[in-house]
Amino acid sequence: MTGRMGTERVGIVGGGIVGMAIARALALTGGFDVVVLEKERRVAAHQTGHNSGVVHAGLYYQPGSLKALLCARGRELTRDYCLDRGLPYRELGKLVVAVTPDEVPRLDEIERRARANGVPDLARIGPARMRELEPHVAGVGAVHSPHTAVVDFSAITEAMADDVRRAGGRVLLGTEVVGIRAGEGTTTVATSGATHTFDRLVVCAGLQSDLVARMVGASPSPRILPFRGEYWALAPARASLVQGMIYPVPDPRFPFLGVHFTRGVYDDVHVGPNAVPALAREGYRWGSVSVRDTLGSLMWPGAAALFRRHWRMGVREISASLLKPLYYRQARAFVPDLRPTDLASKAGAGVRAQAWSADGSLLDDFAVDQVGSVTLLRNAPSPAATSSMAIAEYVLREHLGVPVRER
């Protein structure tokens, strides 16, 4: 059974950048009646609209992984899309900085991965060149990625939504999915306002992805563990402390990069994010508490193993969240000229949907499941925004069997 004029009906659950990129790719391909179901009153309301706006070049990811492959392709597609639509795209460049000699072996590994991933014009540099690029930075060495860029991912998502509408698709805002019944030939989706029937369904529900997956009858694992990342805004008068992006050498034991400095696409400079457990899936503040979400995390089989593995990191991150001097101390290691008063105000927060297995391990790579005619994105953390158009190509080709035209 198909939709109007013999087209195939495809529903997309989630109006973030990944869901909208998939909807756009299908709508522009033709032959599909595309409907996006988004529970909020605007697109890009959660992870897409609460990140740092960085278009990653692919420095960190395990060579050959989906993250590595789709980030490289996604960066190109994002750049071309912004240039075509007149959206801001600024290649400010990134330094990944080893502050002390003991971090140099980890920096070596970042350089190895980056070169294996084909990061363009990558350079290993010393303190003199570091200070030419970032006059206030401190460290013994760095990797420089000159083509790491910043954009407005919310604006990109809005533009994609317009593309969907112009191609005949629909973007239904304020439409929360409350039930899914997958049949042999069609899938029925109950929402807060109506019932929809689709030939195929693609779930890109981010922070709610495991809950929607359970509606379909998929495995409860991986579960989503929400981590809040909090930002401080640099005082405008001190924005010259940072020219582009200054990042730490990541600790391979943790799935987070650590506190860093980013000049945004509109020239605001923010410091962060940290990574603290959120007490609700959409818990952007300490006061946002969901008993159901918190108990669900504490009762998950992997909770004890995760705590044993990462409790020190947890204590450090929570302490820095609650005590500004500790947050400042982490940041000042990279920019010694930073003063406490330069961290002028909290600049909001984002919540990362981190997939979490029953054995306590945190999934690193993108993960996609297939249950009958339903495609489920189970893990799509950073660099998902950078990779969104490449993820769309991957889902169309590998899960929907739709030929993808090179763009």
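Buried means under 20% relative accessible area, exposed means over 50%, and partly exposed lies in between (1.4 Å probe, protein chains only). The views below show a predicted model, in which local features need pLDDT of at least 70 and side-chain atom pairs count only at pLDDT 80 or more, while totals for chains, interfaces and linings use all residues. Residues are numbered from 1 along each chain as its sequence is written, and side-chain values use heavy atoms, with hydrogens and water left out.

**View 1. The tryptophan pair W300 and W356.**
W356 is buried, at 2% relative accessibility, and W300 counts as buried at 12%. Rings of Phe, Tyr and Trp (its six-membered ring) pair if their centres lie within 6.5 Å; planes under 30 degrees apart count as stacked, over 60 as edge-to-face and the rest as tilted. By this rule there are 3 aromatic pairs in the model. In the pair of W300 and W356, the ring centres are 6.3 Å apart and the planes stand at 50 degrees, so the pair is tilted. Helices (H or I, at least four residues) and strands (E, at least two) are DSSP runs, numbered from the N terminus. W300 lies in the loop between helix 7 (291-298) and helix 8 (303-322), and W356 in strand 19 (residues 343-356), so the pair ties together parts that are 56 residues apart in sequence.

**View 2. The surroundings of W356.**
Which residues does W356 contact, leaving aside its neighbours within four places in sequence? With contact meaning heavy atoms within 4.5 Å, the list is S221, P222, R223, L225, S297, W300, G302, A303, L306, S361, L362 and L363. Q243 is 113 residues from W356 along the chain, and the C-alpha atoms of these two residues are separated by 36 Å.

**View 3. Helix 2 against helix 5.**
Two packed helices are described by the angle between their axes and the distance between the axes. Axes are lines fitted to C-alpha atoms, for helices over the stretch in contact, and angles run from 0 to 180 degrees between N-to-C directions. The axes of helix 2 (residues 66-85) and helix 5 (residues 153-166) come within 11 Å and cross at roughly 75 degrees. Angles under 35 degrees count as roughly parallel, over 145 as roughly antiparallel, 65 to 115 as roughly perpendicular and the rest as oblique. Helix 2 and helix 5 are therefore roughly perpendicular to each other. Helix 2 contributes T78, Y81, C82 and R85 to the contact, and helix 5 contributes I156, A159, M160, D163 and R166. By class, this contact has 5 nonpolar, 1 polar and 3 charged residues (Ala, Val, Leu, Ile, Met, Phe, Trp, Tyr, Cys and Pro count as nonpolar, Asp, Glu, Lys and Arg as charged, and the others, Gly among them, as polar).

**View 4. C82 in helix 2.**
C82 belongs to helix 2 and is buried, with 1% relative accessibility. Not counting residues up to four places away in sequence, C82 touches L87, P88, Y89, V151 and I156. C82 and A155 are 73 residues apart in sequence, and their C-alpha atoms are 9.7 Å apart in space.

**View 5. Charges over rings.**
A charge sits over a ring if NZ of Lys or CZ of Arg is within 6 Å of the ring centre and within 35 degrees of the ring normal. K94 lies over the face of Y247, at 4.0 Å from the ring centre. R228 is placed over the face of W286, where the distance to the ring centre is 4.5 Å.

Most residues other than glycine have a negative phi, and most peptide bonds are trans. A44, which is not a glycine, has a positive phi of about 60 degrees. A44 sits in the loop between strand 2 (32-37) and strand 3 (54-55). Is A44 buried or exposed? A44 is buried, with a relative accessible area of 2%. D267 also has a positive phi, near 75 degrees, and lies in the loop between strand 16 (261-263) and strand 17. D267 is partly exposed, with a relative accessible area of 38%. The peptide bond from G272 to P273 is cis, with omega near 10 degrees, and P273 is in the loop between strand 17 (269-271) and strand 18 (276-277). Another cis peptide bond joins S382 and P383, with omega about 10 degrees. P383 is found in the loop between strand 21 (374-379) and helix 10 (384-398).
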